[in-house]
Amino acid sequence: RLLKTIGISGGEPTIFKDEIVSLLDICQKKFPLSPVAMLTNGKNFDEFDFAKKCAMSNRNVTYCIPIYASYEENHDYIVGSKGSFQRTIKGIYNLIRLKCPIEIRTVIMRQNYKELPMLIDYIFQNLPFVVHVALMGMETTGMAKNNLEDVWIDPIDYMNELRTSVLKLRRNNLNFSIYNIPRCLLAKELYGFDRDSISAWKKSYLEQCGECSEKNNCCGIFATSVKHSTNIKPIK
């Protein structure tokens with residue numbers, strides 16, 4: 001059998017190390033041709049032996065790892081755990097030593113939007129081997145919902161930084177996508193880099209979106225979010 005893709009997420013799926021190795025092995029045996037995307041903070045891969053067990057269990061895994069800033073103080077502040085940046089970077093290097101594909105994911109928020117172009121520079125200079133970079137609008141649920149005033153920023157307000165970051169990604173020939181930002185909030189020159197990224201079960205549209213000529217090309221909004229941009233409007 002061939003599944004289009006297999007997604008592994010959490011919480012943090014690598015907390016239970018033996019179990020995740022077994023799960024990857026099961027995926028490899030039952031669906032040997034199906035690509036696997038694991039969403040993980042990457043920290044536990046700072047143990048090389050564990051990273052090696054995962055890599056040997058399944059060679060079809062892309063490890064999707066978030067980096068929120070180009071320096072440890074801000075990354076650690078955003079994730080709420082001191083030492084996370086160093087552990088994550090070490091984990092990424094261990095995985096790449098094992099020839100595992102890496103995707104970097106960055107959720108854009110109030111604490112990091114100004115530094116987004118600097119983060120792209122960091123990725124190019126230190127992690128040029130990544131197979132994909134995802135620049136992501138925020139889903140305002142969970143911890144984001146509880147800290148809305150601190151983390152929320154309207155995508156309209158970081159469009160200059162996003163535009164600059166995309167220019168850097170293109171100039172450096174890095175593969176990238178924009179996730180979770182409705183098309184009407186994007187600068188027109190960013191059309192086509194956005195993806196239909198929100199899972200069908202939690203994707204929705206506002207009432208005014210019914211009149212939009214770009215609805216079929218738009219990712220929509222998170223039905224799970226408690227906050228949406230007030231600038232969402234139909235494109236005529």
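Reader: How many disulfides does the count come to?
Author: This is a predicted model, where local features need pLDDT of at least 70, side-chain atom pairs count only at pLDDT 80 or more, and totals for chains, interfaces and linings use all residues. Residues are numbered from 1 along each chain as its sequence is written, and side-chain values use heavy atoms, with hydrogens and water left out. A disulfide here is a pair of cysteine sulfur atoms within 2.5 Å, and by this rule the count is 0.

Reader: OK, so how far is the sulfur of Cys54 from the closest cysteine sulfur?
Author: That closest sulfur belongs to Cys100, and it's too far for a bond. Cys100 is in no disulfide either, with the sulfur of Cys54 as its nearest. The gap is 8.3 Å.

Reader: Is Cys100 buried or exposed?
Author: Buried means under 20% relative accessible area, exposed over 50%, and partly exposed in between (1.4 Å probe, protein chains only). Cys54 has a value of 0%. Cys100 has 4%, so it counts as buried.

Reader: Moving on to charges, how many salt bridges does a search of the whole structure find?
Author: The rule asks for a side-chain nitrogen of Lys or Arg within 4 Å of a carboxyl oxygen of Asp or Glu. One of the pairs is Asp25 with Lys29, at 3.1 Å from N to O. Searching the whole structure gives a total of 11.

Reader: Which helix do Asp25 and Lys29 both lie in?
Author: Helices (H or I, at least four residues) and strands (E, at least two) are DSSP runs, numbered from the N terminus. Asp25 is partly exposed because its relative accessibility is 27%, while Lys29 reaches 65% and counts as exposed. The two sit 4 residues apart, about one turn, in helix α1.

Reader: How many residues apart are Asp121 and Lys168?
Author: Their salt bridge has its closest N and O atoms 3.1 Å apart. The pair links distant parts of the chain, with Asp121 in helix α5 (residues 116-126) and Lys168 in helix α8 (residues 159-171), a separation of 47 residues.

Reader: And which residue forms a salt bridge with Lys236?
Author: The closest N and O atoms of this pair are 2.9 Å apart. Lys236 is in the segment after β8, and its partner, 25 residues away, is in the loop between β7 and β8.

Reader: Which residues do salt bridges that share partners join into one network?
Author: Some bridges share partners. The residues joined that way are Arg183, Asp194 and Glu214.

Reader: How far does helix α4 reach from its first C-alpha to its last?
Author: The expected span is 1.5 Å times one less than the number of residues. Helix α4 (residues 84-97) has 14 residues, and its reach is close to the 20 Å expected. Its buried residues include Phe85, Ile89, Ile92 and Leu95, and from first to last C-alpha α4 reaches 20 Å.

Reader: What radius of gyration does the protein chain have?
Author: The value is taken over C-alpha atoms, and the globule rule is 2.2 Å times the number of residues to the power 0.38. The chain has 8 helices and 8 strands, and 50% of its 236 residues count as buried. A compact globule with 236 residues would come near 18 Å, and the chain agrees at 18 Å.
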